[in-house]
Amino acid sequence: KETESIQCQICLLRIFLNNIYLCTRIFWIKVSTLYEFVRKNIFSKNKIKDSRMIIGNKESMKPLISVIMAAYNAEQFIAASIDSVFSQTYDNWELIIIDDCSTDSTVKIVESYNSDKIILLQNEKNSGPAFSRNRGLSSAKGDYIAILDSDDIALEYRFENQISQFLTNPKLVFTSGSASV
């Protein structure tokens, strides 16, 4: 029964991740919490990496944020979206952009940034935003995952504020933010 429960929870997580595109809010998932669940319940021999940050006089590493951005024919907005990530006050991040077979200049715009912080993945066929986000998640190296659509702009304190919430609330596994139109 315990194995069935674990499989069910992983299935729910997979279903949740496959339906991310239905969510209209910007959100984060604390990756170390997901790893902890899987490792504790399935691969108990593996150790979990520490994802704490320097708070007060305590020393530890600054967590990496993997920003996942699915893009399809986003030439009109993607530069502003990428610029908003580069403008963050929190600087330990990687931006994973998954192009879903755009027919416009989306890929050229992304490549023009020529930055080690940007990872560009290109789908072989148009597969939709859920597939693209899941592909980005499989490439993510971060302790935290941030989803940012290619036509959205993150305010400059977004990463700093949300990381702060995770670090001050250890049981927190998910945050979201409001959107303005």
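Predicted model: local features only at pLDDT ≥ 70, side-chain atom pairs only at ≥ 80, totals over all residues.
Residues are numbered from 1 along each chain as its sequence is written, and side-chain values use heavy atoms, with hydrogens and water left out.

A pair of aromatic rings is described by the distance of the centres and the angle of the planes. Rings of Phe, Tyr and Trp (its six-membered ring) pair if their centres lie within 6.5 Å; planes under 30 degrees apart count as stacked, over 60 as edge-to-face and the rest as tilted. The structure holds 3 aromatic pairs. One of them joins F86 and W93 edge-to-face, 5.0 Å centre to centre with 85° between the planes. F86 is partly exposed, at 34% relative accessibility. The rings of F86 and Y113 are stacked, because their planes meet at 5° with the centres 5.9 Å apart. This pair links distant parts of the chain, with F86 in helix α3 (residues 78-86) and Y113 in the loop between α4 (106-111) and β4 (118-122), 27 residues apart. Helices (H or I, at least four residues) and strands (E, at least two) are DSSP runs, numbered from the N terminus. Y113 is partly exposed too, with a relative accessible area of 23%. Through ring pairs, F86, W93 and Y113 are linked into a cluster.

The charged end of K62 sits over the ring of Y90 in turn, 4.7 Å from its centre.

Now follow helix α3 inward. Its buried residues are I78, S81, I82, S84 and V85. They are on the same side of α3, because they cover an arc of only 155° around the axis, taken from the directions from the helix axis to the C-beta atoms. What covers them includes β2, β3, α4, β4 and α6. Leaving aside neighbours within four places in sequence, I82 is in contact (heavy atoms within 4.5 Å) with M69, L95, I97, V110, Y113 and I118. S81 is buried at 0% relative accessible area, and, not counting residues up to four places away in sequence, touches M69, L148, D149, S150 and D152.

The nonpolar cores come next; each is a set of buried Ala, Val, Leu, Ile, Met, Phe, Trp, Tyr and Cys residues joined through side-chain atoms within 4.5 Å. The largest has 22 residues, and I65, V67, I78, I82, L95, I97 and F159 have the most contacts inside it. β2 (65-71), α3, β3 (93-99), α4, β5 (144-147) and α6 (158-168) each supply at least two of its residues, with the largest share, 4 residues, coming from β2. A second, separate core of 7 residues includes I68, I96, I145 and I147.

Stepping back, the protein chain has 6 helices and 6 strands, following the pattern α-β-α-β-α-β-α-β-α-β-α-β along the sequence.

Definitions and conventions: Buried < 20%, exposed > 50% of the residue type's maximum accessible area, 1.4 Å probe, protein only. Lys NZ or Arg CZ within 6 Å of the ring centre and 35° of its normal.
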